[in-house]
Amino acid sequence: MIAAMHVEIDDKSGFCFGVVRAIGEAERLLSSGGEVYSLGDIVHNRIEVQRLERMGLHTVGHDDLPRLRGCRLLVRAHGEPPSTFARARKLGIDVADATCPVVAKLQQRVAAAHGKMRSVGGQVVLLGKRGHAEVVGLTGQVAEPTIVIESEADLDAVDFTRPIYFLSQTTQSVALFERLRDEMARRLPSPEMLTARDTICRQVSSRESALREFASRFDAVVFVCGRKSSNGRVLFEVCRAANPRSYNVEEASELRPEWFEGVGSVGVCGATSTPEWLMREVADAIAAMG
């Protein structure tokens with residue numbers, strides 16, 4: 001029998017503003033009756049997506065758009081390129097745009113950055129995860145290519161004889177952005193050739209320091225997030241660096257009793273795509289083990 005444990009949920013974890021706004025819009029549309037379609041997972045959390053699907057939300061891809069004429073389509077917080085909205089209008093689809101305002105502003109900045117670099121023969125570089133929905137939406141704002149980098153190894157794709165405008169996906173690590181910014185400045189013939197704008201969402205980045213403090217207070221930590229969550233991967237690494245006895249689960253059924261042997265306190269936290277109710281389920285399951 002595992003001894004009784006103190007289990008605490010991080011009150012700073014959970015949905016960010018953009019995700020709350022998108023899910024609220026989905027619930028509003030669903031409450032009015034009829035079917036609603038989400039272009040891609042509304043949030044990178046399988047359990048929350050399943051909850052909304054039980055309410056009537058259907059997840060579709062771009063290839064499904066031709067059959068959605070006359071239907072209601074939700075564009076999630078990650079946003080979409082202008083070509084998606086144009087195609088939906090042409091197909092007669094009723095679009096509800098739930099793009100996060102922070103992402104929408106970044107989309108405008110990407111387009112503006114290309115305009116500035118176009119006039120000086122420069123290039124736009126974006127720190128982000130290739131193929132991620134937000135990154136696809138950002139790079140699709142203009143016809144010109146945007147160079148997407150994930151680590152220092154990707155800097156070989158950058159032409160250091162030309163000016164650089166450096167931006168970031170909203171959920172990236174501030175430390176990684178700063179490290180890559182400094183390395184680009186070092187490689188350029190002149191630091192003046194680099195324009196770097198930290199466009200990481202502060203509601204996300206502020207969680208890193210808070211999470212370090214939270215994770216260090218417990219004997220063990222359980223981080224709850226969906227497998228597809230880019231933000232979740234970043235924050236889990238922050239958590240694990242602060243507390244090596246950190247475990248990542250998507251739902252309570254993945255918990256293993258041996259993780260908590262000899263443990264007196266457990267912290268439960270999550271990503272910006274993790275609902276509070278799911279962290280509560282995990283916390284209750286851990287407490288029941290005691």
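**Pockets, strands and rings**

Trainee: Which residues line the second largest pocket?

Mentor: Happy to start there, and do keep in mind that this is a predicted model. Around the second largest pocket, the lining is made up of L127, G128, K129, I149, E150, Q172, L176, S230, R233 and V234.

Trainee: Which element gives the most to the lining of that second largest pocket?

Mentor: The lining includes S230, R233 and V234, and helix α8 spans residues 230-242. Those positions fall in that range. With three residues, the element that gives the most to this lining is α8.

Trainee: By class, what does the lining of the second largest pocket have, and what is the volume of this pocket?

Mentor: Charged residues number three here, K129, E150 and R233 being in the lining. Beside them come four nonpolar and three polar residues. The volume of the second largest pocket is about 160 Å³.

Trainee: How much space lies in the largest pocket?

Mentor: The largest pocket is lined by 24 residues. C16, V19, H78, T171 and T272 lie nearest its centre. The space in this pocket comes to about 320 Å³.

Trainee: Which element gives the largest share of the lining of the largest pocket?

Mentor: Several elements give two or more residues to this lining: α1 (17-31), α4 (101-120), α7 and α8 (230-242). V19, one of the residues nearest the centre of the pocket, falls within the range of α1. The largest share, three residues, comes from α1.

Trainee: How many charged residues does the lining of the largest pocket have?

Mentor: Let's go through it by class. The lining of the largest pocket has 11 nonpolar and 12 polar residues. For charged residues, the count is one.

Trainee: Which helix gives the largest share of the lining of the largest cavity?

Mentor: The cavity is lined by D10, K12, S13, R207, A210, L211, L235 and G270. By class, that makes three nonpolar, two polar and three charged residues. R207, A210 and L211 fall within residues 202-215, and the helix with the largest share is α7.

Trainee: How many residues of strand β10 are buried?

Mentor: In a regular strand the side chains alternate between the two faces of the sheet. On one side of β10 are A220, V222 and V224, on the other V221 and F223, and all are buried. For β10, residues 220-224, the count of buried residues is five of five.

Trainee: In β11, which residue is the bridge partner of F223?

Mentor: β10 pairs with β12 in the parallel sense over five bridges, and in β12 the partner of F223 is C269. Four bridges join β10 to β11, which also run parallel. In β11, the bridge partner of F223 is N248.

Trainee: Through which helix does the chain cross from β10 to β11?

Mentor: The path makes a β-α-β crossover that is right-handed.

Trainee: Why does the pair of Y247 and W259 count as stacked?

Mentor: This is one of five aromatic pairs. Pairing needs centres within 6.5 Å, and stacking needs planes under 30 degrees apart. The ring centres are 4.4 Å apart and the planes meet at 5°, so the pair is stacked.

Trainee: Which three residues form one aromatic cluster?

Mentor: Y247 in strand β11 and W259 in the loop between β11 and β12 are 12 residues apart. W259 also pairs edge-to-face with F260, at 6.2 Å centre to centre and 75° between the planes. Together, the cluster is Y247, W259 and F260.

Trainee: Is F260 buried or exposed?

Mentor: Buried means under 20% relative accessible area. W259, at 12%, counts as buried. F260 has a relative accessible area of 0%, so F260 is buried.

Trainee: And is R89 buried or exposed?

Mentor: R89 lies in helix α3, residues 82-90. Exposed means over 50%. With 61% relative accessibility, R89 counts as exposed.

Definitions and conventions:
Residues numbered from 1 in each chain as written. Predicted model: local features only at pLDDT ≥ 70, side-chain atom pairs only at ≥ 80, totals over all residues. Heavy atoms only, no water. Phe/Tyr/Trp six-rings, centres within 6.5 Å; stacked < 30°, edge-to-face > 60°. Buried < 20%, exposed > 50% of the residue type's maximum accessible area, 1.4 Å probe, protein only. 1 Å grid on protein atoms, 1.4 Å probe; cavity = no way out; pocket = protein on both sides within 12 Å on 5 of 7 lines; lining within 4 Å. Nonpolar A, V, L, I, M, F, W, Y, C, P; charged D, E, K, R; others polar. Points joined across faces, edges and corners; volume = space filled by probe spheres on them. Pairing = 2+ DSSP bridges. Right-handed = clockwise from strand over helix to strand, strands pointing away.
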